[in-house]
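Please view the sequence and the model together while reading.

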Amino acid sequence: MRFIFMALAFLTFNACKSTKAESAFAFAENPVIAHRGAWKARNLPQNSIASLKHAIELGCTGSEFDVRMTADNVLVVNHDPDYNGLFIEETTYSELSKHKLSNGEVLPTLRDYLLAGMENNPGTGLVCEIKPSKTEGRNVLMAEKVLDLVNELNAEKYISYYISFSYEFLKKIIEIDPNAKTQFLDGSKSPEILNNDGITGLDYATGVYKRNPEWIESAKKHNLKLNAWTVNKSQDIDMFLAHDFDYITTDMPELVFERMQNRIQKKPENELKVMTYNVRLDIASDEENAWPNRKAFLSSQILFLEPDILGVQEARPNQVEDLKESLKDYEFIGKGRDGGQEGEHAGIYYNSNKLSVEKEHTFWLSETPDVVSKGWDAAYPRVCTYGLFTMKQTKQKIWVFNTHLDHIGKVAQKDGMLLILDKINEVNTQKYPVIIMGDFNVEPNSEVVTILKNQLSDSREKAEVVFGPEGTFNAFKYDEPVTRRIDYIMVSDGINVEKYATLSSSIDLRFPSDHFPVFVTVIVE
């Protein structure tokens, strides 16, 4: 929601720009930081005053730039250690300045760059990256000179952050100016360490957050600012927007603004995002794939996808609680297959901001469905949880059934599903739309799916857009094709399926579960 407000503020800002008094300077309300200025779209030199000015024109909240020091101790703005074949630390500024940037600019000094950034700037902060030197004592000198110049020019309020790959730099800056805001770039330190050392934010590469998704919540817990670099792909931009990052550093600020706008475009009020996910029970014998090693990844995946309704299978009580802790806007319905909250659940999480539940119940797939029991030839007790949901905006109602059929008993699979269909006929007297989802443990050509398709439609076959592999059971085998499709979302009349996806996300050749989640976007008529 924060980015919706920011995007609207950005649009308003660009629609009616006005010159603000210098005393009223405040950073723009959006997460967009132009990496080395906004250079790419207009083919401007990186770190040029022209690219800085364009970042200001776009209304970015920040424009990042790189600072180095010449042989005669002049602070200049340039990313690489060399400029036009000359090593900056070993060359005087007068020699370097003989070579112009591609647009005719002189290599900017930090003084000229700061002055340019303070002129006609209504809200773009200056993100100052100080490049470390290998020469002993030079880093401390650079930190002192940068802060002295900022103080001399009264530019403090324009500096949003000092950033560096050097912890030495950041600690020296804090020592000189305890109020300075700093972000570490290296990606090697946890939020707890940064917080203890007085660093105010993480500015890590995209891959660092994907490898350590738990750092996102930890940073928020410690009130550290979250920044990611260098984010140029739409899917990564969307991910960081979904995770409510404070900043996104990018070579393509126009694209980030576009993705922000896409997020605030009004969605149909009768649209629902539905997801089924066998999360794989918490069992120590899974070793490196055990729940403690993947729960943060799985939770962040769900948070990114933002399903309105999520059916889970194999969730033991501790897993149910772990997901409740992560999914702050969600409520949960369902009982465990061993009674009460004991044993594996086939329960349903739902977004309580969008939906309310009017009726809920869990029954056993057996000849005695109202008591804890194992049915027919099943290897284990199996349950089905269902709810009657009301969409808060439209007041439309929809039944959702979530189950996990037995993996061995053929009779249990067939008769279990027939029992579910009987239950639907019993409770759905008003003929509301229905969704049945879960791990059915059977493939599409099975008798169970054939029976289901006599009354409902396979969302994969009905979808306007289909994405991802057909198979859903991966068995944690990253290097083998996934061909077995055993997880489904089936829909009744009155539900149009816009998009269907089987999502095979991984990190470091590891899946978050031994099943892929199935995700659909539907319109309830």
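## A sheet and its helices

Strand E12 (residues 271-278) and E24 run antiparallel and are joined by 6 bridges. Strands (E, at least two residues) and helices (H or I, at least four) are DSSP runs numbered from the N terminus, and two strands pair if DSSP finds at least two bridges between them. This is a predicted model, in which local features need pLDDT of at least 70 and side-chain atom pairs count only at pLDDT 80 or more, while totals for chains, interfaces and linings use all residues. Residues are numbered from 1 along each chain as its sequence is written, and side-chain values use heavy atoms, with hydrogens and water left out.

| Strands | Bridges | Direction |
|---|---|---|
| E12 and E24 | 6 bridges | antiparallel |
| E14 and E15 | 4 bridges | antiparallel |

Strand E24 (residues 518-524) is largely enclosed by the rest of the structure, because 7 of its 7 residues are buried (under 20% relative accessible area, with a 1.4 Å probe and protein chains only). Val518, Val520, Val522 and Val524 point one way from E24, whereas Phe519, Thr521 and Ile523 point the other way.

The open sheet comprises 7 strands in the order E14-E15-E13-E12-E24-E23-E21, with mixed pairing. Its edge strands, E14 (330-333) and E21 (465-467), each pair on one side only. From one strand to the next, the twist averages 20 degrees. Helix H12 (residues 295-305) packs on the sheet and touches E12, strand E13 (309-313) and E24, where contact means heavy atoms within 4.5 Å. The direction of H12 makes about 165 degrees with that of E12; angles run from 0 to 180 degrees between N-to-C directions, and axes are lines fitted to C-alpha atoms, for helices over the stretch in contact. Helix H13 (residues 317-326) lies across E13, E14 and E15, and runs at about 10 degrees to E15.

Helix H10 (residues 234-242) packs against helix H11 (residues 253-264) at an angle of about 60 degrees, their axes 10 Å apart. H10 is therefore oblique to H11 (angles under 35 degrees count as roughly parallel, over 145 as roughly antiparallel, 65 to 115 as roughly perpendicular and the rest as oblique).

Notes
Buried means under 20% relative accessible area, exposed over 50%, partly exposed in between (1.4 Å probe, protein chains only).
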